[in-house]
Amino acid sequence: MIVRTLAEAEQSPRRVVSRNWESTRLLLKEDNMGFSFHITTFYEGCEQEMCYANHLESVYCMEGEGRITDLATGETHQIRPGTIYILDKHDRHILRADTAMKLACVFNPPLTGKEVHDETGAYPLEEETAL
Ligand code: 9YT
């Protein structure tokens, strides 16, 4: 069994800070669960294009409001607490945070913890990542 707290993980390298967001990776590949689990904050006003070509991702909104645009269809969906979006087709999308949004994210395969978005908005798989 593994027990940890967000507060302690935030004080460790599991917390990564990017330009538009920060994320604490509570579960990573090294934990051997087959998925990773993250608490991610997208900062107010930010707009980020992403396409996880190598991963499936589910994102549950706990706090804040924003919008997600599916770039395949042009459709935009409102995101608010209680909404989950599920990128089951490696969907290329833009996330906009109208207020700071606190999100719980699950990735399959799990992230290793070293990932930052590449130029396509994806996270390369470990094998493809030059360290
Ligand atoms: C909402 C979203 O795409 N989150 C991605 C996870 C986060 N950026 C992380 O932990 O890398």
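P109 sits in the segment after β10, the strand at 101-108. The peptide bond from N108 to P109 is cis, with omega near -5 degrees. Most peptide bonds are trans. Keep in mind that this is a predicted model.

Next, backbone phi. Most residues other than glycine have a negative phi. Two residues here have positive values. N32 has phi near 60 degrees. N32 is in the loop between β2 (21-27) and β3 (36-42). Its relative accessibility is 67%, so N32 counts as exposed. Then H90, with phi near 55 degrees. H90 belongs to the loop between β8 and β9, which spans 93-97. Its relative accessible area is 32%, so H90 is partly exposed.

Now the ligand. Which of the 15 residues around the ligand come nearest? S23, R25, H38, E57 and Y123. For S23, a polar side-chain atom lies 2.5 Å from a ligand oxygen. For H38, the corresponding distance is 2.7 Å. For E57, an N or O atom in the side chain is 3.0 Å from an oxygen atom of the ligand. And how much of the ligand does the protein bury? Taken alone, the ligand exposes 320 Å², and the protein buries 100% of that.

Last, the surface. Y60, M62, I84 and I86 make a nonpolar patch of about 360 Å². β5 (56-63) and β8 (84-87) each give two or more residues to that patch. Take I84, in strand β8. At 47% relative accessibility, I84 falls between the 20% and 50% cut-offs, so I84 counts as partly exposed.

Definitions and conventions:
Residues are numbered from 1 along each chain as its sequence is written. This is a predicted model: local features need pLDDT of at least 70, side-chain atom pairs count only at pLDDT 80 or more; totals for chains, interfaces and linings use all residues. Side-chain values use heavy atoms; hydrogens and water are left out. Patches are made of residues with over 30% relative accessible area and no salt bridge: like charges are joined within 9 Å, nonpolar side chains (Val, Leu, Ile, Met, Phe, Trp, Tyr) within 5 Å. Accessible areas come from the Shrake-Rupley method with a 1.4 Å probe; for residues, only the protein chains shown count as cover. A salt bridge is a side-chain nitrogen of Lys or Arg within 4 Å of a carboxyl oxygen of Asp or Glu. Helices (H or I, at least four residues) and strands (E, at least two) are DSSP runs, numbered from the N terminus. Buried means under 20% relative accessible area, exposed over 50%, partly exposed in between (1.4 Å probe, protein chains only). A residue is near a molecule or strand if one of its heavy atoms lies within 4 Å of it. A polar contact is a pair of N or O atoms within 3.5 Å; within protein, one must be able to donate a hydrogen and the other to accept it, and residues adjacent in sequence count only if both atoms are side-chain atoms.
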